[in-house]
Amino acid sequence: MYLRPGSPTIKKMGGLHGFSKFPNNFLTDSGGFQAFSLRKLDGKNGKPDPNGITFKSHIDGSLHHFTPKSVLDAQYDFNSDIMMILDDLVALPNTKERINLSIERTTTWAKEAIEYHMAQKEKGIGIGQNIFAIIQGGTDKEFRKKSATELCALTDYDGFAIGGLSVGELNNEMYDTVEWTTQFMPKDKPRYLMGVGTPEDLIENIDRGVDMFDCVMPTRNARNGTLFTTFGRLNIRGAKFKEDPKPIDEAYWLHYITCTTT
């Protein structure tokens with residue numbers, strides 16, 4: 001959205017709510033994960049530095065530099081209900097040195113971002129918008145504790161996210177990391193697990209104290225004809241379903257009808 005149609009255009013049309021006519025909540029990410037995705041492709045694009053992240057536009061090849069302040073400026077234009085700060089995300093597994101660097105950068109950027117946001121609110125900008133920090137640290141318990149403790153000490157944040165998971169680690173490692181990390185997060189503010197996941201992942205992590213999730217997987221699966229049902233995954237593109245009149249998930253349908261009737 002920053003590149004096309006551009007944040008000034010969206011602002012001119014009334015922010016994301018006016019632009020889309022969608023009346024409910026929007027959460028916008030800062031670009032940290034997108035830079036990480038670009039970096040995975042060629043190892044160069046989306047490269048972080050102490051002040052932010054530089055990336056090349058896929059539209060015209062122009063260079064852009066995201067900073068903790070600039071990504072908030074774009075999100076002020078979007079007028080999203082929840083804004084994520086810029087973070088330094090790394091792939092797993094990775095070296096302790098690189099994970100520690102990502103924590104240091106993310107904490108530094110988080111302090112810069114919340115100071116800027118509070119100053120903007122005094123000017124009447126972003127008053128109705130919530131801002132979340134993103135905890136990093138890979139699957140290392142001490143790193144996660146360090147990141148969570150540093151970020152959650154910044155009490156002006158409206159919520160906290162667990163980032164840097166579902167990027168190559170095993171599922172049980174992800175579950176263990178979430179369970180360990182949530183104990184260091186406030187109980188009275190939203191806990192958001194980024195990039196997760198399957199129906200099973202949602203249930204497992206709700207049990208571990210997570211309130212919010214996002215993932216491209218449901219829409220990606222739907223585009224490819226894969227559906228989640230009470231009996232597992234189903235590929236609706238199969239020829240045998242072409243003229244099948246039955247509900248996709250009869251067990252769920254019967255439960256729905258029973259509850260509705262009652």
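**Figure 1. Overview of the predicted protein model.** The protein has 10 helices and 11 strands, where helices (H or I, at least four residues) and strands (E, at least two) are DSSP runs, numbered from the N terminus. Its radius of gyration is 20 Å, close to the 18 Å that the globule rule gives for 262 residues, so the protein is as compact as a globular protein of that length; the radius is taken over C-alpha atoms, and the rule is 2.2 Å times the number of residues to the power 0.38. Along the principal axes, the C-alpha atoms fill a box of roughly 55 × 45 × 40 Å. This is a predicted model, in which local features need pLDDT of at least 70 and side-chain atom pairs count only at pLDDT 80 or more, while totals for chains, interfaces and linings use all residues. Residues are numbered from 1 along each chain as its sequence is written, and side-chain values use heavy atoms, with hydrogens and water left out.

Figure 2. Among contacts (heavy atoms within 4.5 Å) between residues at least 6 apart in sequence, 58% join residues at least 24 apart.

**Figure 3. The salt bridge between Asp77 and Lys11.** Side chains of opposite charge can pair when their charged atoms come close. A search of the whole structure finds 8 salt bridges, each being a side-chain nitrogen of Lys or Arg within 4 Å of a carboxyl oxygen of Asp or Glu. In the pair shown here, the closest N and O atoms of Asp77 and Lys11 are 3.9 Å apart. Asp77 lies in helix H4 (residues 68–78) and Lys11 in helix H1 (residues 2–12), so the pair ties together parts that are 66 residues apart in sequence. Asp77 is buried, with a relative accessible area of 17%, whereas Lys11 counts as exposed at 53%.

**Figure 4. Arg208 and its salt bridges with Glu179 and Glu204.** The side chains of Glu179 and Arg208 meet at 3.5 Å, N to O. Because Glu179 lies in helix H7 (residues 171–182) and Arg208 in the loop between helix H8 (199–206) and strand S9 (212–214), this pair ties together parts that are 29 residues apart in sequence. Arg208 also meets the side chain of Glu204 in a salt bridge, with an N to O distance of 2.8 Å. Arg208 is buried, at a relative accessible area of 17%, while Glu179 is partly exposed at 46% and Glu204 is partly exposed at 28%.

**Figure 5. A salt-bridge network of Asp88, Arg98 and Arg105.** In this view, salt bridges link Asp88, Arg98 and Arg105 in a network.

**Figure 6. Asn24 in its loop.** Asn24 lies in the loop between helix H2 (15–20) and strand S1 (27–28), and it is partly exposed, with a relative accessible area of 46%. Leaving aside neighbours within four places in sequence, Asn24 is in contact with His17 and Asp81. The C-alpha atoms of Asn24 and Arg39 are separated by 33 Å, although these residues are 15 residues apart along the chain.

Technical notes. Buried < 20%, exposed > 50% of the residue type's maximum accessible area, 1.4 Å probe, protein only.
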